Amino acid sequence: MELKEQIFEMLVGGERSGGKIAETLGVSRAAVWKCIEALRKDGHNITAVTGSGYRLEPDNMIGAAKIKRFLKSEWEIETLASVTSTNDVAKSKAATKLKKYVVIADSQSAGRGRLSRSFASPVGAGLYMSAVVRPALTLDDCGKITAYAGVVTARAVEKLCGEKVFIKWVNDLYMNGKKICGILTESAVSLESGTPEYAVVGIGVNVLCGAFPKQLEGIATSVETESGRKIDRNELAAAILDGLSEMDEHIKKGDFLDEYRSRSCVLGRTVKVNDKFCAEAVAIDDDCSLILNKEGETVKFSAGEVSLKL
């Protein structure tokens, strides 16, 4: 760990004097000061308190040390200012990261959702994260990962902002009828065993008021806009990661399915399927497939997209 990161972790833990930091880390006070200045340039609000030391003032910047303050489970966390796509970064690291690994960025230049659609990722406005998990699941059970991640993320957002969160099958989270989150799961399968080697769970949450592209007005929104609360992105990340760490157990039991169904905003409504036909969404099967009533015929829909805009 770099000296700057070590000092930042100490500041996250509370106010520290420059002399105490230097003594603890075995460096000069000048080296400490240089790192403090570098952290300030990174955007962290660090004040110098006369006769006391340095203090990290509250801010909403993403940081591994900040996330760990709220985290109960073990994760290797990498935070970056900007990436093309957190899923791409996570996949590039998946082969070498043996433990649970997550990359979180402050912005994405080429964020994407399902069907290769772009996902708007304004700087400082959202939580853009991709977690590498190694599920001890069958291929059939792996199809439930996105649904489980949706439940975990909905719980985390709802707990922090107090506003009800719904799920549009299969991977979008909605608040007051508008999208606040998209989830994209990509996996690699071992040709030898026929079981998953790893899965990358990409989660993008619109947390704070940000400048969405004009074409998304009336479609996308943010947690802050809808709830009136400015929630901590670090605390939200920790809550989601703690939920993802229990993935295998809950997917095997299937005990998240009732909640997934209860949060659905499509059941009992007419939806447009893959922009081709309309049908009534009547149920969600135990494998997370959507059961449709198409002109009196029952259709099981396992992959694709449904829309509430007819």
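A: What follows starts with the aromatic pairs and then moves to other parts of the chain.

The model is a predicted one. Searching the whole structure gives 2 aromatic pairs. One of them is formed by Tyr148 and Phe256, whose ring centres are 5.4 Å apart. The angle between their planes is 85°, and the pair is edge-to-face; the cut-off for that class is over 60 degrees. Tyr148 is part of helix H7, residues 145–161. Phe256 is in the loop between helix H10 (247–253) and helix H11 (257–262). The pair therefore ties together parts that are 108 residues apart in sequence. Tyr148 counts as buried because its relative accessibility is 1%, and buried means under 20%. Phe256 also has 1% relative accessibility, so Phe256 counts as buried.

The rings of Trp169 and Phe301 make another pair, with centres 5.4 Å apart. Their planes are at 40°, so this pair is tilted. Trp169 is in the loop between strand S6 (166–168) and strand S7 (172–175). Phe301 belongs to strand S13, residues 297–301. This pair therefore ties together parts that are 132 residues apart in sequence. Trp169 and Phe301 are both buried.

The backbone at Trp169 is also worth a look. The peptide bond that runs from Trp169 to Val170 is cis, and its omega is near 0°. Val170 is in the loop between S6 and S7.

Two other loop residues have a backbone feature to note. Asp275 is not a glycine, yet its phi is positive, near 60°. Its loop runs between strand S10 (270–273) and strand S11 (277–284). With a relative accessible area of 58%, Asp275 is exposed. Glu295 is not a glycine either, and its phi is positive at about 50°. Glu295 is in the loop between strand S12 (290–294) and S13. The relative accessible area of Glu295 is 80%, so Glu295 is exposed.

Val133 is in strand S5, which covers residues 126–133. Val133 counts as buried because its relative accessibility is 6%. Apart from neighbours within four places in sequence, Val133 has contacts with Trp75, Tyr198, Ala199, Val201 and Met247. Lys100 is 33 residues away from Val133 along the chain, and their C-alpha atoms are separated by 5.7 Å.

Ile62 is in the loop between strand S2 (53–56) and helix H4 (64–70). Its relative accessible area is 13%, so Ile62 is buried. When neighbours within four places in sequence are set aside, the residues in contact with Ile62 are Ile67, Thr79, Ile104, Asp106, Leu127, Arg233 and Asn234. Gly26 is 36 residues from Ile62 along the chain, and 27 Å separates their C-alpha atoms.

Helix H1 (residues 3–12) packs with helix H2 (residues 18–25) at an angle of about 125°, and their axes are 11 Å apart. H1 is therefore oblique to H2. Their crossing is right-handed. On the H1 side, Leu3, Gln6, Ile7, Met10 and Leu11 meet Ile21, Thr24 and Leu25 of H2. Sorted by class, this contact has 6 nonpolar residues, 2 polar residues and no charged residues.

Note on methods
Residues numbered from 1 in each chain as written. Predicted model: local features only at pLDDT ≥ 70, side-chain atom pairs only at ≥ 80, totals over all residues. Heavy atoms only, no water. Axes fitted to C-alpha atoms, helices over the stretch in contact; angles between N-to-C directions. Helix = DSSP H or I, 4+ residues; strand = E, 2+ residues; numbered from the N terminus. Parallel < 35°, antiparallel > 145°, perpendicular 65-115°, else oblique. Left-handed = near helix turned anticlockwise from the far one by under 90°. Contact = heavy atoms within 4.5 Å. Nonpolar A, V, L, I, M, F, W, Y, C, P; charged D, E, K, R; others polar. Buried < 20%, exposed > 50% of the residue type's maximum accessible area, 1.4 Å probe, protein only. Phe/Tyr/Trp six-rings, centres within 6.5 Å; stacked < 30°, edge-to-face > 60°.
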